[in-house]
Amino acid sequence: MKRKLFLLGLLSFLFVNGQVVRLIDLPAPIKAISNTATVLFSGETATTLDEDPPANDECDGAIQLTVNSDLECQTVTTATITGATDSGIPAEAGTADDDVWFSFVATNEMHKITLDNFSGDNDDMVMEVMTGDCSDPTLVAYVDDPNALTFGGLEVDNTYYIRIYSYTDSPQTTTFDICLGTPPPAPANDECDTPTQLTVNPDYLCGTVTAGTLQSATDSGIEGDLGDADDDVWFSFTATSETHKIELSNIEAGNWSGFDIVMELLEGDCSTIIESDYPESMIVSGLTPETEYKIRVYSYGEDFVDTTFDICVGTPPAAPANDECATATAITMYDQECTATSGTLQSATDSGTPSEVGEADDDVWYSFVAASNSALITLDNIDGNTYDLVFELFEGDCDALSSLKIVNGQMGAYNELVTGSTYYVRIFSYGEENFPDTTFDICITTSDAPPANDNCEESVELTVAEGATCQNPTSGTLAFATDSGIPTETGSADDDVWYHFTATSTTHKIELSNIEGNDTDLVMELFDGQCGGILIGASDPNTFIVNELIEETVYYVRVYSYGPEFVDTTFDICLVAIPAQQENDECDNPVVLTVNDNGICETVTTASLANATDSGIDAEEGNPNDDVWFSFVATGPSHQVSIPETDGWETLNFEVFSGLCGEFTSLGIAPNYETLIVSDMTVGDTYFVRVFSYSDEPVYTVFDICVTKRQDPPANDECDGAIALTVDASYCNGVLNNGTNLGATDSNMGQAECFNYGENDVWFSFTVPENVASVDISTDFTGGTLLDTEIALYSGSCSDLTEMDCDQDSGETILSNDESYNSIITNANVEVGETYYVRVSGYNASREGTFCLEISTNETLSSDDFTKNSLKAYPNPVKNILNLNNPTAITDVAVFNLLGQQVVAKVINANEGQIDMSNLAPGAYLVKVTADNAVQTIKIIKE
């Protein structure tokens, strides 16, 4: 949406007689500019050279539509927005600068508009339904995606108007078919007193389901607890148990709001709502057997929907055999390798044993005999309508239990068992919802011994590093660590491990890195003098700066996980002694930087602002009260200075100078880590760089600084030097590169629609071969050094380019920086024989390097009916449901990931169908559609 509104802003002004004039301020003859018009201004008049607008360009020329008696669209009207102009009526969505008009006489209280068979620029259309007359119409309903609209509240025999236009404000030449259909009558179960009787299943398997629909449903007049119950339908069942499960399945809908469904359970006379919810299943308890209950189903929103679904009522089984402590299931305690025991909370009841964590109203029980003095309890393969489980370990017997450990999680250890004694474990869901159908596996094994530094008295000595970074970290683990009994003010120190060091400076930095395991939220604490001594400070972040230490004094460091759960976390811990003053604290003792002559930051210098002081030289931006200094000798006329990496969140500035200390000339300042390009330098001269923080408070940031010699601009630095690429050359294989923007300069094109930067751009071109209908454009390959691209596609000539599409960060390939910031433009519509231009830039000034660009066919043209102009797949990108539409029946659909693995398959045997992609990971997929014994494959992006 931001993209489209941004374009609207760009096109809101024109130059007239040397002055900027808003389009809305122009006289009517000038405002009526069509998609393809050339506008000539002379004095106070304007002439447009264009084909004639459609006959229904204005409301008073609306085309009368035939109302179909059903939704089969036997009669359609072909129309176009090519040449259409703005009728001047404000729009609810998009830009109505190419609107066309239709009218119809309502034959029903509800109708449905469908647009189909698009050809031309795009099918991103807006539909509006209006009542009244053309001089002052009133909006009834509108939709901007997908191309179907069901609307109601109509008066039979009244005339209504339909306005259709493209969402965008760029020129469009779209042609389409419009159909006006009539939904069927309201369902038989539209009212509470005519419910559909449901069969009660004896279990939760839903062997018997009942089909339902919200199509044409009306408001029964009974207010709902959730949403807007203006399209409710009714079902009834006679309870056979105190608890039943109501479930909806196979939900299909033509618009997105149709998937957001509410279910309500009411007493038999529909006067009292017992429970209301909007998941696809709910479990209700406290029912009276042999009593009739009503179920109401409706869509949450106010939109008219055509939703269909299946509904079933299931019956829970009896409570589990281990529902009480006295009937606990005996399980074996294993040595490391475990054979799991399966369990369920389905129909479990409250055993009456209170809990300090969660609501133990559905607990089940297990017992085991300790085979050692330590046990690891693990829950695994949790499935059902709740995954938030609690387990608790007890000693004693069922009449006198004593809690030893309680865990809201899937794993916990206890190290003070008595071998041969019997212990009890109960499991329950954390929440108050009764009768979850959750299943799980439980496993109890002997746990490993605690780490050697489990207690302060066995603390591990840390090596103190000097300088900015740690050279020799110490590896540690919290797995099976126990509580040392020393109180804490931060988190839960029930798995603490200990270290000590002797201070070599008044300031030290303690840092945790390479943290892996089931919990990475760790705490560090520093103690003075002895185990359990005075707590100096604590740090929840993984970097801990400690000041005012006494040299030659021993200090203790405690590390533990913030929460109470068992963790198997491993980490590295290191200690750095920060000097009282940086060696390059003043200009007269700078650190000499190595200049990278290849344009790439291969050699960097690591430094720190810790304890840096003010050198007394003012800055145009920021407060240089902690500056440090560097120098380098110029090897070319232009250099790039950057800070590619820091270890903190502090904002850093840096400034480049020529001259001598005390006689500086500033050549530029770069705030917020930005890259600075300095030109007109003298080869062999020495230049100075200072780095400082934006903050007024002391910071201890460690950073890398890099200087590179700017390369000569590449041959394709400007559009007229674009490198021609061949479509489907398949050159990019993850090793080869065919582009570089090292040394690239600004082509003065301005930022493309999605660009963040664009000033180090280079250009490519391609000519569309025969039979190619759309292409994909990608830099999503390994092997290059430009790790964050942005790309734009243009039509026209270098002197008159029109942006068609733009992308940054849609790539999926993990690059050498462990990110996937390269770009892909998919399904760009192109014309055979035409030449197009591709612009590639780095995300910012520091993003320069080599890359590979590939142009490949997405869709091909065909002589049969199964072409890109007949098969519709929308929306693309898709979040949840992909809609498919084809003039002839689609037999089946298969979805493949880019590894060639089939991830979805569905038989449709209809002209329209929906593919549920909600469970797929974000990324690109190939959708293979079969119709009329022909196969078409399209690329879809899953958001």
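This report describes disulfides and strand pairing in a predicted model.

**Disulfides**

A search of the whole structure finds 12 disulfides. Three of them are set out in the table below, with the separation of the sulfur atoms and the angle about the S-S bond.

| Pair | S to S distance | Angle about the S-S bond | Hand |
|---|---|---|---|
| Cys192 and Cys270 | 1.6 Å | 60 degrees | right-handed |
| Cys732 and Cys852 | 2.0 Å | -90 degrees | left-handed |
| Cys754 and Cys806 | 2.1 Å | -75 degrees | left-handed |

The disulfide between Cys192 and Cys270 has its sulfur atoms 1.6 Å apart, and the link is right-handed, with 60 degrees about the S-S bond. Cys192 is placed in the loop between strand S13 (175-181) and strand S14 (196-197), while Cys270 is in the loop between strand S18 (261-267) and strand S19 (273-277), so this pair ties together parts that are 78 residues apart in sequence. Cys192 and Cys270 are both buried.

Cys732 and Cys852 form a second disulfide of the table, with 2.0 Å between the sulfur atoms. This link is left-handed, at -90 degrees about the S-S bond. Because Cys732 lies in the loop between strand S52 (723-725) and strand S53 (739-740), and Cys852 in the loop between strand S60 (850-851) and strand S61 (854-860), the pair ties together parts that are 120 residues apart in sequence. Cys732 has a relative accessibility of 9% and therefore counts as buried. Cys852 is likewise buried, with a relative accessible area of 2%.

In the disulfide of Cys754 and Cys806, the S to S distance is 2.1 Å, and the link is left-handed, with -75 degrees about the S-S bond. Distant parts of the chain are linked here: Cys754 is in the loop between S53 and strand S54 (762-767), Cys806 is in strand S57 (residues 800-808), and the two are 52 residues apart. Cys806 has 14% relative accessibility; because buried means under 20% relative accessible area, Cys806 counts as buried.

**The open sheet with S52 and S57 at its edges**

Strand S57, which holds Cys806, also belongs to an open sheet of five strands in the order S52-S54-S59-S56-S57, with mixed pairing. S52 and S57 stand at the edges and each has a single partner strand, so one side of each is left without a neighbour in the sheet. On average, neighbouring strands of this sheet are turned by 30 degrees against each other, direction ignored.

S52 and S54 run parallel and are joined by three bridges. Within this pairing, Ile723 has Phe764 in S54 as its bridge partner.

**Pairing around strand S36**

Strand S36 (residues 507-516) takes part in two antiparallel pairings described here. With strand S41 (residues 570-578), the antiparallel pairing extends over eight bridges. Thr507 has Ile578 in S41 as its bridge partner. With strand S39 (residues 543-546), S36 pairs in the antiparallel sense over four bridges. Ile510 stands opposite Phe544 in S39.

A further cysteine, Cys574, counts as buried at 6% relative accessibility.

Terms used:
Residues numbered from 1 in each chain as written. Predicted model: local features only at pLDDT ≥ 70, side-chain atom pairs only at ≥ 80, totals over all residues. Heavy atoms only, no water. Pairing = 2+ DSSP bridges. Disulfide = S-S within 2.5 Å. Buried < 20%, exposed > 50% of the residue type's maximum accessible area, 1.4 Å probe, protein only. Axes fitted to C-alpha atoms, helices over the stretch in contact; angles between N-to-C directions.
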